[in-house]
Amino acid sequence: MAGDDRDNMLVDDNDGMDEISPRTLGQYYQRLFPHSLYYKWLNYNGPMPTTEFTHREFSFTINDGIYLRYQSFKDGEDFQRELQKLSPSKIDIGAIFTAQPKHAKSLQPGVFRAISKELVFDIDMTDYDEIRTCCQGGGICGKCWKFMVVAMHVLDQALREDFGFERIMWAYSGRRGVHCWVCDERAKKLDDAGRKALTGYLTIIRGGAEQGKKVNLSQRSGQHPHVLRSMEIIEEYFEDIILVDQEILLTRERWTKVLAALPDEELRNYLDEKWMKRPDRSSVDKWSEMIDAVDKKAAKRGSKFGLATFERDMMMQCVYPRLDENVTTHVNHLLKSPFCIHPKTGRVCTPIGPDQFDEFDPMAVPTLAQLLREINDTAADGGSSRSSMTKYIKIFEEFVASLGPAHDKNGSGTRQHQQQSLEF
């Protein structure tokens, strides 16, 4: 995506907001929402309703902030009717419970509890604000979207290679991030402890905003297959994202943050003084100079690790996926549904194909206003369809078709890798 026109295009919180109302949302849910595929996905086991769907919690946000939790439905038609009736501005998907969530208030304490849910991940661009320089807060552009591209590549590979998961769907959040839905039976049956262990396995960046160096891999962890595979991906994107697009060493304000991660004060002062003499040099040049200085210092000390692993750790710190752990570790945590309209941008929360991470363009995702115009144009043309939703529906259709009958290849795989997570 380097040099792409998308690099300078910004997704703003006000984009697509003009047409969002119960009336226009109602048109979307009536004419464009993929009800049949959606029901097939969450019912899993065929056309007849099962507890996978009937005991599932849905949450609707209506009328500018009224939050309706513990909604549940007897079948797909019941869900469709309620969706068109309420026209929610946001749909969240929750867990599968021991009873229908709509009866939760009438049940005795302890009887109503969450028993399963897809393993989900939420990656939000704001968690990269300490690294990205092109945008902040709710804004995104083609340059910082590449962080999401790397995150999808790294996590998708880890989930497939390390845990053997196959039923994985990625989705654009509609604003500034991506969601991952792992739908394998083993993943759905994980309890909170299992999800926490798996999240720990995938978490490499640790520490708050005040901590300079947030990746400190041990000798053993640095040779772990997941780390080695992740580094292969990160090395491919690092210079383009961090040094060219984000220019993290362009100004003293920026390079001071990077130098703060160096564990050697003498080196920090040396590089700071040198760069102050020629501050206009590129981040590529400064990075190369910094790594050369670090390598020489490490060689002089005869150290195999510490300074010697600084480059690898900093590359991981800049680009490795930053997970919202709370979303993943709790079975009953809600997550925004695919195909709802994001209330801040008006954009559809669309699926992303497993082979389309690099090509996916969040700026090209249709807004509700755009879709309504297409509906009107279709009517004016006598019914010829020109919906920009078609390609996203196709991705979803292929994913749902891949689910097939419920199956579980190996129940022991997750336990093995959860144990490995303790070694980081």
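Colleague: What is the volume of the largest pocket, and what makes a set of grid points a pocket?

Modeller: The volume of the largest pocket is about 390 Å³. On a 1 Å grid over the protein atoms alone, a pocket is an open set of points with protein on both sides within 12 Å along at least five of seven lines, whereas a cavity is a set where a 1.4 Å probe fits but cannot get out. The volume is the space filled by probe spheres set on the points, which are joined across faces, edges and corners. This is a predicted model, in which local features need pLDDT of at least 70 and side-chain atom pairs count only at pLDDT 80 or more, while totals for chains, interfaces and linings use all residues. Residues are numbered from 1 along each chain as its sequence is written, and side-chain values use heavy atoms, with hydrogens and water left out.

Colleague: Which residues line the largest pocket and lie nearest its centre?

Modeller: The lining has 21 residues, and Glu130, Ile131, Arg254, Lys257 and Val258 lie nearest the centre. A lining residue has an atom within 4 Å of a point. Helix α10 gives the largest share of the lining, four residues. By class, there are eight nonpolar, five polar and eight charged residues in the lining.

Colleague: Why is the pair Glu130 and Lys214 called a salt bridge?

Modeller: The term requires a side-chain nitrogen of Lys or Arg within 4 Å of a carboxyl oxygen of Asp or Glu. The N to O distance between Glu130 and Lys214 is 2.6 Å, so the pair qualifies. Glu130 lies in the loop between β6 (119–124) and β7 (140–141), and Lys214 in the loop between α7 (192–202) and α8 (219–222), so the pair ties together parts that are 84 residues apart in sequence. By this rule the model has 21 salt bridges.

Colleague: What makes Asp240 and Lys146 a link between parts of the chain?

Modeller: Their side chains meet in a salt bridge of 3.2 Å, N to O. Asp240 lies in helix α9 (residues 225–245) and Lys146 in helix α5 (residues 142–161), so the pair ties together parts 94 residues apart in sequence. At 22% relative accessibility, Asp240 counts as partly exposed, while Lys146, at 3%, counts as buried.

Colleague: Why is Asp272 called buried, and what is its salt-bridge partner?

Modeller: Asp272 has a relative accessible area of 15%, and therefore counts as buried. Its partner in a salt bridge of 2.6 Å, N to O, is Arg252, which is partly exposed at 42%.

Colleague: What makes a set of residues a nonpolar core, and which members of the largest one touch the most others?

Modeller: A nonpolar core is a set of buried Ala, Val, Leu, Ile, Met, Phe, Trp, Tyr and Cys residues joined through side-chain atoms within 4.5 Å. The largest has 116 residues, of which Tyr28, Trp41, Trp170, Leu202, Ile242 and Met290 touch the most other members. Helix α5 gives the most to this core, twelve residues.

Colleague: Which residues does Met290 contact, leaving aside neighbours within four places in sequence?

Modeller: Met290 is in contact with Val258, Leu259, Leu271, Trp275 and Phe310, where contact means heavy atoms within 4.5 Å.

Methods:
Helix = DSSP H or I, 4+ residues; strand = E, 2+ residues; numbered from the N terminus. Buried < 20%, exposed > 50% of the residue type's maximum accessible area, 1.4 Å probe, protein only. Nonpolar A, V, L, I, M, F, W, Y, C, P; charged D, E, K, R; others polar.
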